[in-house]
Amino acid sequence: MDRLDDLTVLVEVVDSGSLSAAAERLGLSASAVSRRIAQMENRLNTRLLARTTRRIALTDAGATFCLRARAILAALDEAEQSLSEMGEEPRGTLRITMPVMFGQMLVAPLLPSYLRRYPGVSLEASLNDRVQRLIDEGFDLAIRAGRLADSSLIARRLRPLRRHVVASPDYLERRGVPQSPADLARHDCLTLLSGSGRSEWEFMVGDRREILRPTGGFQADSLWLLRHAAVGGLGLARLADFIVEDDIRAGRLVPVLSALEVTDEAIHAVYPATRHVSPKVRSFIEHLLAGLGRPGSADRIGTPEAPTDERDGAS
């Protein structure tokens, strides 16, 4: 327990910005707080805090250690909270945000059964391809598609994600089938418009990632428009599996460069590590897992989330 207390002291010092402020909030003397920090540093043989006359800052090692300390304390809080909430019915307003196409195609069909099962929950859903900041914008839960940015959020894996480069049979008959990413320069590529410009297409060439910014005469900020353009023979599009799988089965679209697809992406549910996982959040994640038919992996915690307007839509 002393080591858990040490973690609490470290996090409080970082959050308070000084030993004296942390001591006051913890009900300890400043010397006791300083002694605990020194004992931790001696035990770890690493400097955690860089002390100056004006402020206290984390060293690089301290930042990494503090992140894990927060995760451990959050997990302990969550375990204690889960015991107190056993048998508690989910209730209250659940605010969630998710990419447009994933929400429309895969999540929307699951919402009626969830709300019928938990009538005490009110749902506010935002479909937006912009990555919305959970705490700042008041969301309880977000669905993120693709590889997660480094984040202080806890992530629960919902299902794998594959992206396919596809075109209509008519287009491939007219323009030929690309055999390598370099061939895309000779094709019309249908690209997603984002805040940073055209989208990037990523491939695995051997053990090396190759990232291209393809060009073409059709751009849109809607994945559904790109899917229609591809079906209509206007060019090649790179789209998520759940958007085009029916078209591929029906023969309306044909995947190309399949051997070079990136296979390490997934759909995740993410929520703040600083909060208890409420029954409404936990129940909704479990409902998604059951409805999507995929087992979730263990929760994980990343490094602090940076502001971004980049899309996490499954493009």
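Buried here means under 20% relative accessible area, with exposed set at over 50% and partly exposed in between (1.4 Å probe, protein chains only). The model is a predicted one, so local features need pLDDT of at least 70 and side-chain atom pairs count only at pLDDT 80 or more, while totals for chains, interfaces and linings use all residues. Residues are numbered from 1 along each chain as its sequence is written, and side-chain values use heavy atoms, with hydrogens and water left out.

Rings of Phe, Tyr and Trp (its six-membered ring) are taken as a pair if their centres lie within 6.5 Å; planes under 30 degrees apart count as stacked, over 60 as edge-to-face and the rest as tilted. The structure holds 3 such aromatic pairs. One of them joins Y114 and Y118 in a tilted arrangement, 5.0 Å centre to centre with 50° between the planes. Y114 and F284 make an edge-to-face pair, at 5.1 Å centre to centre and 90° between the planes. This second pairing ties together distant parts of the chain, as Y114 sits in helix α6 (residues 111-117) and F284 in helix α11, 170 residues apart. Helices (H or I, at least four residues) and strands (E, at least two) are DSSP runs, numbered from the N terminus. Put together, ring pairs link Y114, Y118 and F284 into a cluster.

F284 also turns up in the packing. A nonpolar core is a set of buried Ala, Val, Leu, Ile, Met, Phe, Trp, Tyr and Cys residues joined through side-chain atoms within 4.5 Å. The largest one has 44 residues, and L158 and F284 have the most contacts inside it. Helix α11 (residues 279-292) supplies the largest share of this core, 6 residues. A second, separate core has 17 residues, among them L7, L19, A23 and M40. Contact means heavy atoms within 4.5 Å; leaving aside neighbours within four places in sequence, F284 is in contact with L94, I96, V107, L111, Y114 and L141.

Helix α11 also holds K280, a lysine that counts as buried because its relative accessibility is 15%. The K280 side chain reaches the backbone oxygen of T93 at 2.6 Å. Such a polar contact is a pair of N or O atoms within 3.5 Å; within protein, one must be able to donate a hydrogen and the other to accept it, and residues adjacent in sequence count only if both atoms are side-chain atoms. Not counting residues up to four places away in sequence, K280 touches residues including P90, R91, Y114 and D140.

Helix α9 (residues 223-231) has L223, L226, R227, A229 and A230 as its buried residues. They cover an arc of only 165° around the axis, so they lie on the same side of α9; the arc is that of the directions from the helix axis to the C-beta atoms. Their cover includes α5 (100-107), β7 (163-167) and α10 (241-250). At the start of α9, a side-chain oxygen of S222 comes to within 3.3 Å of the backbone nitrogen of W224. Just after the helix, G233 takes a positive phi of about 85°.
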